[in-house]
Amino acid sequence: MTRILLPLLALVLLSTPAAPADACLNEYIRAYVLPVAVRRVERVERLMAAGQSRQAFRLANELLAGVSNAHALDRRGDWVDGDEWATELEDAFLPNTQHPERAASVEARAAMLHAILMVRVDGQVSRRGRLARRVHVSVRTANLRAAHEALVAQQRTSPDDPRLSAYVAEAAVAVDASAAADSLATLRDLAQRDLIGDPLTWLALAALEEDAEARDAHLERCRNMVSRRANQVCAVSSRQS
Amino acid sequence: MRAPAKRAFCALLALALAASFAGCEEVVPDEPAAATPVESAQPSEDQRRARERGRALVERFQCNRCHTIDEVAEPAPSQNCLGCHRAIEAGTFEASEDDLERWRSHITNLVAAPSLLSVGARLRPAWITAFLLEPKDLRPALGASMPRLPMSEDEAQDIAAFLTRDAGAFEAIPERALVAAGRRAFERLACGACHVFRDAEIPEQAQPEGDDGARLAPDLAHVRERFVSGRLAEWIANPSAMKHDTLMPSAASAEQARALAAYLWHAPLRPVRQTPPPLLPILERRVSYEEVNEHIFHRTCRHCHADADLAFGDGGPGNDGGFGFERRGLNLTNYEGASAGVLVDGRRTSIYAPDASGMPRLVHALRARQLEEVGERDPTITGMPLAHPAVSPEDLQLVRTWVAQGRLRF
């Protein structure tokens with residue numbers, strides 16, 4: 001049965017005329033009406049600001065998967081105007097498929113968020129990309145290394161981005177505890193220059209900080225930035241300290 | 001010194017003195033001067049080179065993002081500030097009605113800008129140079145004004161040379177005897193329906209409001225510095241003959257135009273006394289980012305300081321660079337972006353940390369714009385929002401309070 005259906009499906013897809021790129025949404029709408037991909041990035045960031053790393057990770061995961069699907073679909077070149085599923089994907093990830101040179105930045109942002117969230121969920125993600133309570137130590141290590149490498153790679157192209165510097169420092173400690181001194185120095189420098197805008201980066205700094213007074217000050221900054229459950233989110237756990 | 005030479009020397013001295021006092025009080029020579037060509041028909045090699053440099057500078061400073069300019073192409077749609085705003089206002093921008101309605105409520109400034117066609121036929125290069133270096137609120141009903149750009153005096157002169165390349169104008173001071181007739185014509189033709197003119201002898205009028213004509217109508221107190229005197233009456237009588245896209249109507253007869261020119265040139269002006277707005281004290285109540293974002297960042301700043309990642313690579317002139325400004329990497333669309341600071345001399349610097357003024361850099365920039373509006377330029381920082389009306393004292397108070405309270409997010 002499958003042998004008959006698959007070629008038939010392929011035939012139907014191939015015989016449907018491909019919609020020209022600009023038939024669905026024109027240049028202006030692409031540029032000015034926020035597509036779903038962008039809104040999802042913003043939602044991930046809102047969840048991060050609320051200290052909800054696990055929920056944020058799930059959404060970031062979906063976002064990256066969606067981008068990947070859209071790329072695959074685009075490579076096949078069989079967009080079908082009006083098709084519900086195609087339109088949904090198109091709406092969500094159009095910038096990634098129609099304007100790769102512009103979309104690269106949206107994708108890079110999504111990848112950055114995914115990587116730091118992987119660190120914040122302690123690499124406890126299965127090989128299939130699902131959040132788990134506990135995964136094998138080798139999977140966890142591989143996840144954390146991959147996240148660190150992704151952040152380092154991005155930092156090479158944006159060396160003056162303080163957010164990336166902070167995330168790289170945070171990830172480095174997660175991968176290798178001996179990086180703590182370097183990470184502490186990086187985070188202290190950013191804190192001293194007043195360039196930290198992520199509550200959990202303040203928390204990471206507090207966890208590395210040896211001086212109790214400084215640690216309290218960092219936690220206070222964390223609490224100032226987090227939307228809900230500030231005392232719970234901005235508390236150094238025994239594992240962190 | 002022979003008598004004619006002495007007279008010429010005195011006239012020049014008077015002109016120089018008048019120019020040097022122009023910033024304090026508007027003084028102009030009284031005596032009618034003989035028609036004097038401002039520029040010869042054939043440009044010298046130096047002039048030609050200055051014009052070429054000026055043209056390149058017009059492109060570098062992206063003057064075409066707001067202005068229509070001869071020989072300069074329209075900008076790409078994504079950089080056409082005015083084109084987008086006008087399309088949104090007119091409802092021709094391709095977006096949903098809801099989006100259009102929402103955007104319309106945000107677009108209160110920068111919906112019109114004067115075209116720079118035939119500038120040389122009317123305006124003095126020296127005035128253009130001075131205006132580029134120290135922009136004034138030339139069009140009071142417009143909201144937006146000419147931005148202060150990172151421009152040297154030589155660059156401003158070159159741009160003026162390019163814009164006035166079609167100059168063929170001459171100087172001839174309008175006749176003082178026609179002032180009274182000019183005042184009557186001004187009232188009869190209702191010039192004040194669009195223009196502000198600070199005639200010291202008539203009561204202050206309310207600022208005109210209305211369509212593009214009123215928005216773009218210049219404050220006529222600047223005419224004496226701005227206009228080539230010998231072209232003023234001609235302009236008033238038949239503006240579209242001098243500039244085909246002007247919104248100025250041809251309402252005056254030749255005789256009325258001469259009288260109006262005399263009136264604008266010689267009528268005593270009411271002095272402008274502007275005082276800086278007060279710096280209100282820090283509030284005692286809690287101020288959150290959401291409130292500051294709603295009043296300031298979201299309303300104004302993020303249009304130029306956008307999030308480059310989410311705007312598909314274009315973070316706007318205040319982030320990726322533009323209007324002659326280098327990349328500053330400042331993203332004011334969200335809390336994290338603002339916290340990542342701004343590039344100052346290539347180094348990331350917090351916008352909340354005090355700068356040399358002792359104020360947080362963000363507060364300093366907003367305050368500088370308030371002072372620019374009353375003619376007090378701060379050479380150490382560009383006032384923000386660039387080219388837009390300054391934030392209100394109450395909004396600045398919000399920002400100062402928020403920063404002082406440790407920038408609470410919620």
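A residue counts as buried when its relative accessible area is under 20%. By that rule, Phe197(B) and Tyr263(B) in this predicted model are both buried.

These two residues also form a ring pair, one of 12 aromatic pairs that a search of the whole structure finds over all chains. The ring centres of Phe197(B) and Tyr263(B) lie 5.1 Å apart and their planes meet at 70°, so the pair is edge-to-face. The pair links distant parts of the chain, since its members are 66 residues apart. Phe197(B) sits in the loop between helix H7 (179–188) and helix H8 (212–216) of chain B, whereas Tyr263(B) belongs to helix H12 (residues 254–266) of chain B.

A further aromatic pair in chain B joins Tyr289(B) to Phe297(B). Here the arrangement is tilted, with 6.1 Å from centre to centre and 40° between the planes. Tyr289(B) has a relative accessible area of 7% and is therefore buried; Phe297(B), at 0%, is likewise buried. Both residues belong to a cluster linked by ring pairs, together with Tyr335(B), Tyr352(B) and Trp402(B).

Attention may now turn to the contact between the two chains. The interface brings 32 residues of chain B into contact with 32 residues of chain A. The size of an interface is often given as the accessible area lost when the parts come together. For chain B and chain A, about 2800 Å² is buried between them, with 56% of it on carbon and sulfur atoms.

Polar and charged groups also meet across this interface. There are 4 salt bridges between chain B and chain A, including one between Asp309(B) and Arg109(A), whose closest N and O atoms are 2.9 Å apart. The polar contacts across the interface comprise 8 residue pairs, with both residues at pLDDT 80 or more. On the side of chain B that touches chain A, at least two residues come from each of helix H4 (97–106), helix H14 (335–339) and strand S4 (347–349) of chain B. That side of chain B consists of 14 nonpolar, 8 polar and 10 charged residues.

Val121(A) lies in the loop between helix H7 (100–120) and helix H8 (137–157) of chain A. Its relative accessibility is 5%, so Val121(A) counts as buried. Leaving aside residues up to four places away in sequence, Val121(A) touches Ser53(A), Arg54(A), Phe57(A) and Leu131(A). Arg140(A) is 19 residues from Val121(A) along the chain, and the C-alpha atoms of these two residues are separated by 10.0 Å.

Note on methods
Residues are numbered from 1 along each chain as its sequence is written. Chains are lettered from A and ligands numbered from 1 in the order in which they are written. This is a predicted model: local features need pLDDT of at least 70, side-chain atom pairs count only at pLDDT 80 or more; totals for chains, interfaces and linings use all residues. Side-chain values use heavy atoms; hydrogens and water are left out. Contact means heavy atoms within 4.5 Å. Buried area is the accessible area (1.4 Å probe) that two parts lose on being put together, summed over both. A salt bridge is a side-chain nitrogen of Lys or Arg within 4 Å of a carboxyl oxygen of Asp or Glu. A polar contact is a pair of N or O atoms within 3.5 Å; within protein, one must be able to donate a hydrogen and the other to accept it, and residues adjacent in sequence count only if both atoms are side-chain atoms. Helices (H or I, at least four residues) and strands (E, at least two) are DSSP runs, numbered from the N terminus. Ala, Val, Leu, Ile, Met, Phe, Trp, Tyr, Cys and Pro count as nonpolar, Asp, Glu, Lys and Arg as charged, and the others, Gly among them, as polar. Buried means under 20% relative accessible area, exposed over 50%, partly exposed in between (1.4 Å probe, protein chains only). Rings of Phe, Tyr and Trp (its six-membered ring) pair if their centres lie within 6.5 Å; planes under 30 degrees apart count as stacked, over 60 as edge-to-face and the rest as tilted.
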